[in-house]
Amino acid sequence: MPRWSLLSPGPRLCSTRQWSRRCLSSRPLSQTAQDQQSAPRWADTLLLPKTSFPLYNDPSKDPSIKTKTTDGLYQWQSRHANGPLFVFLDGPPYANGDLHIGHALNKILKDVINRYHVSLGHRVHYHPGWDCHGLPIENKVLKQLGVDVNELTPSQVREEAEKCARKEVASQMAQFQEFGIMANWGPDTTYRTLDPEYGLRQLEIFKTMVEKGLIYRQHRPVHYSPSSRSALAEAELEYNDAHVSHSVYVTFPLDLTSNNTSEALRALIAGKEKVSLLVWTTTPWTLTANMAIAANTDMLYRVALIKGEDNSETVLIYATDREDALKSVSGLFASSLEPLGDISGSELVGAAYRPIFAPLHELSTTLPSLPIIASPHVTNDSGTGLVHCAPAHGAEDYAVMQTLGLITSAPIASSTASTPVPAPNSSREIVCHVNGLGQFTEDVADVIGKEAASELVAKDILSDGGRAIVALLTKIGALRKVQRFKHRYPYDWKTAKPVITLATSQWFANLDDIKDDAIAALQDVDFVPAISRNRLESFVRSRSEWCISRQRVWGVPIPALYHLPSNAAVLDSDSLTHILAVLRAHGPRYWWDGPVSAFVPLSRREGLTDAELDELWKKGTDTMDVWFDSGTAWSTLEDLYASQTQTGAKPSRTFGSDVCLEGTDQHRGWFQSLLLTSLGAATSEARKRTAPYSTLITHGMVLDEQGKKMSKSLGNVVSPLTVINGGAGKHDKAYGADILRLWVATVEFVKDMTIGPTVLQQCAETMRKIRNSSRFILGSLGDRPFEKKVERGELGLADRYVLHRLHKLDAVARAGYEAYNFPQVINELSYFANITLSSFYFDVNKDCLYADREDGIERRRVLTVLDQVLTTMTRVLAPVLPHLAEEIHQTLHGPDAPSVFVTRWTPLSDEFVDVQAEADMDKLFRIRSKVNSLLEQARKDGVVKSSLSADVAVSVSTAATSDVIDVLGREETTLKSLFGVSGVTLCDRNLDAAPAWQYRDTLEIDGASAADCSVLPDLMRCVGTEIEIAVRPAALEKCPRCWTYTRPAADELCGRCTEVARIQPVVSS
């Protein structure tokens, strides 16, 4: 049998087969309740916690703390931090209206990341920005002024829009500051897309793209929003799956006189006077712009006879595969169909038909017949197998008719053209009768005649105009059926109203030439979450062009010149070089206010005077897509890297941002526009495949507590300022900025998340516990750093265990911040504060801290640990809870101390790692759990009120060697504190049943069961050690000073208190 020790150091009990009985006393846990009547004078000798740190407080309301940890900190680190440069490019929020909870989530996430890097000693570059152009601000101005857009000049609209945007920026800036965002909010360290310098940089990028041949102008169908009165890019669309259209089945009369009709078709319709093509469309308002009907050459088409109510005969042509579906449409056919035969699509193509509204036209015979064409976009999945083609209102219609040469395919302008390019030949112009307001124009009379046109002109195509079309179709007998059709339809994401497809002259960016480079560049980007890579790449792959022009007044101009005699647009390197020189001299607004002659380059002046040039040229009025505006934000970093190069510094990157973070909707918006503009403007091979960001982080949307989308109509909107400052509602408690920030750090932000009173109350409780733990430590330290620290070799098991857990907290927190896993940080911090500290370390050491000698070794051990714990905890929580961290730091080091972020956060030394201490404490925690269970039984039976009125006896009933016995022996001075009782007895035989009451149980420590061994394989040796534990009445009397039952009956105090009271009679208050 090997030698073993039960006591160390001090008297030892050697291993023999016959155990001797030994009573091991350790210092107990003291109760903290105040009892001035029972011991008024002894309370004055206790070292109770004293701190100015309140339990409840909102330090974000303290101006000195707020400034120190926000504006002041950003400026300090910008000047003094000597670590690597960390660049965070801010995606600009739109400058319109108060901030919502999504803004708070976004900005606080960015701030947590920035603060973590500052805590590491990095120099952070973060300039908040705002997106300031576009329709919402225009509309807001008009609404505030109570006028229509036509009642103001464009210059007046721009002037009022700029005032409004700047006012909104100032308002949002003040609100962002409420969140505790670390930034310098001055004009030179923030950006706005309306700033002249920003606009000029944007135009330089545009010029480079023009010079690379990426920009062109074309008259073609695009997504157009009547509610916004502007073209839209795909990224500006939302799709409504519940949209309802009023679809129609109509008939187009076949031209029986056409010489291009196939022999097969002629044979089937021989002798028939009325032959029609059956067509289905969900947009009856587009029928006035019909230019062809498409058939699929690989499909069969049925020629069938049907009789009307007046017994008249009509021959209908439709796809054979669609007959069953058509028969199921109630009321479509007045009688049964009599098939005359089938023909192939190729035998149908080439025939002609009469315009559907020809009967209404005063000169109907002069209207030319229209062709039946072949197109693969015709399928047998829906409709009739015949598709009405209106290239002004359909991308596929436009594409097939362009391919067949039926409409012009040439761009309106070439970016490299040296002479003006003429407009399309009028004989092949696209037919379009809809204006920018989404209303029928007077030109519709060319198709339906003047009298019928009066029923349509100036009516909205999606409402009254559409109904008027149906009425006209009924009048001429072309309407077969009207049917409600629910389908997915594009909406304007800003106005939430339907868009249309409309042929307009627009400027486009060619993406086919750069999207392969874009995909290649994204391979070097880290995505959080990783799956978001697929979303962005799929969006990039699916785009071939980008409509960048908008018909808005408020925005950055597309500086194109238009030659009036030839109706041609000029936009090339020569013109832009001259125009940009003029704008740099006079400012970007000069494009709107200056004479056109000032912008005509020398190469095009042809010796003409300014007055003559003003008659021959005009300036373009289109503005750039706001995504192009914000997408060039990467250019704001160019000066930063240029200055780094000039100073000889070698930054880790020379272009773009280390991190960009926005909502998941920005995969189709800002994330794309950043990438595409940066690659489109790249002039070096290295830059052509380098993304403007190294890491791309995506967050989800914020929902209410029931998981519903927030909306004013539902009354479930949670305002971030209400969370901070409180509101009028009964649940609108003022939580302060740090609890809002804590909520941000506790949610899995890569998914959609919820917020509401319950969630916020949980965050408040977490904050209370963290704050209470910090307060206890500050009180124990006396609001000052502890100077009389002990060496590591003097620390006890519990001390080493806590520092081991602290090392884990430090490592887990740093890993969490690095991986943007902030819930991991908060969970580990909360566990450490609540379990490791409050439930264990504070609990077992309160008696020592309160009742021991002020300079006693055990007390110094605990304070040594607490000093380190507070330092590390403050480091860990600082990025998320900066105001609390500054308050703790200021309480400890004084109000004049620099920010807590000034001292670099370095990893804790590996000397804190103590796996053996963790294993030993886990064994003792199992015994402690059993003791607590027995004490709880005693409480329920009414024999124990305070655990201090009890002793514990532990008997080891087997002679097997066990490291548990060694742990019990080594920790003789801590067992009473650990168990929360007044005395602990260790013995080597079965316990006597002598006390007045006793609660007993056994605990198998080693190898108790297969389950135990599997759960704790590294903690137990599974050699079969069983101990018996008994809870009994305390053997001694209650000490009036420390309240433990350790006082001999004849003495006034227990031995420890007698000594301390003699040395330390009264503690000064």
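# A tour of a predicted model

Contacts between residues 24 or more positions apart account for 79% of the contacts in the protein with a separation of 6 or more; a contact means heavy atoms within 4.5 Å. The model is predicted, so local features need pLDDT of at least 70 and side-chain atom pairs count only at pLDDT 80 or more, while totals for chains, interfaces and linings use all residues. Residues are numbered from 1 along each chain as its sequence is written, and side-chain values use heavy atoms, with hydrogens and water left out.

## The whole chain

The protein has 34 helices and 33 strands. Helices (H or I, at least four residues) and strands (E, at least two) are DSSP runs, numbered from the N terminus. The radius of gyration is 41 Å, well over the 31 Å that the globule rule gives for 1069 residues, so the protein is more spread out than a compact globule. That radius is taken over C-alpha atoms, and the globule rule is 2.2 Å times the number of residues to the power 0.38. Along the principal axes, the C-alpha atoms fill a box of roughly 130 × 75 × 55 Å.

Of the 1069 residues, 56% are buried. Buried means under 20% relative accessible area, exposed means over 50%, and partly exposed is in between (1.4 Å probe, protein chains only).

Now colour by domain. The bounds come from an automatic or database domain assignment, which gives these ranges:

- domain 1: 67-204 + 628-718
- domain 2: 244-411 + 425-487
- domain 3: 569-617
- domain 4: 755-913
- domain 5: 940-1035

The centres of domain 3 and domain 4, taken over C-alpha atoms, are separated by 67 Å.

## Stop 1: Gln77

Select Gln77, in helix α2 (residues 71-80). Gln77 is buried, at a relative accessible area of 0%. Leaving out residues up to four places away in sequence, Gln77 touches Val118, His122, Arg123 and Val124. Show the atoms of Val124 as well: a polar atom of the Gln77 side chain lies 2.7 Å from the backbone nitrogen of Val124. A polar contact is a pair of N or O atoms within 3.5 Å; within protein, one must be able to donate a hydrogen and the other to accept it, and residues adjacent in sequence count only if both atoms are side-chain atoms.

## Stop 2

Go to Thr314, in strand β11 (residues 313-319). Its relative accessible area is 7%, so Thr314 is buried. Beyond four places in sequence, Thr314 touches Lys274, Ser276, Ala304, Leu305, Ile306 and Arg480.

Next, select Leu348, in helix α9 (residues 345-348). Leu348 is buried too, with a relative accessible area of 0%. Which residues does Leu348 touch, not counting those up to four places away in sequence? They are Leu265, Leu277, Ala295, Tyr301, Ile317, Ile343, Ile372 and Leu386. Thr261 is 87 residues from Leu348 along the chain, and their C-alpha atoms are separated by 7.5 Å.

## Stop 3: Pro529 and helix α15

Select Val528 and Pro529. A cis peptide bond joins them, with omega about 0°. Pro529 is found in the loop between β19 and α15.

Follow the chain into α15 (residues 532-541), where the buried residues are Ser532, Leu536, Glu537 and Val540. They cover an arc of only 130° around the axis, which puts them on the same side of α15; the arc is that of the directions from the helix axis to the C-beta atoms. Among the elements covering these buried residues are α14 (515-522), β19 (526-528), α21 (670-680) and β27 (693-699).

## Stop 4: two residues with positive phi

Most residues other than glycine have a negative phi, and most peptide bonds are trans. Select Asn567, in the loop between β22 (561-563) and β23 (568-570). Asn567 is not a glycine, yet has a positive phi of about 55°. Its relative accessibility is 53%, so Asn567 counts as exposed.

Then select Glu606, in the loop between α17 (590-593) and α18 (610-616). Phi of Glu606 is positive, near 55°. Glu606 is exposed, with a relative accessible area of 68%.

## Stop 5: the cysteines

A disulfide is a covalent bond between the sulfur atoms of two cysteines. Here the cut-off is a pair of cysteine sulfur atoms within 2.5 Å. How many disulfides does a search of the whole structure find? It finds zero.

Select Cys660, which is buried at a relative accessible area of 0%. Finish at Cys1057, which is in no disulfide; the nearest cysteine sulfur, that of Cys1054, is 3.5 Å away. Cys1057 counts as buried, at 0% relative accessibility.
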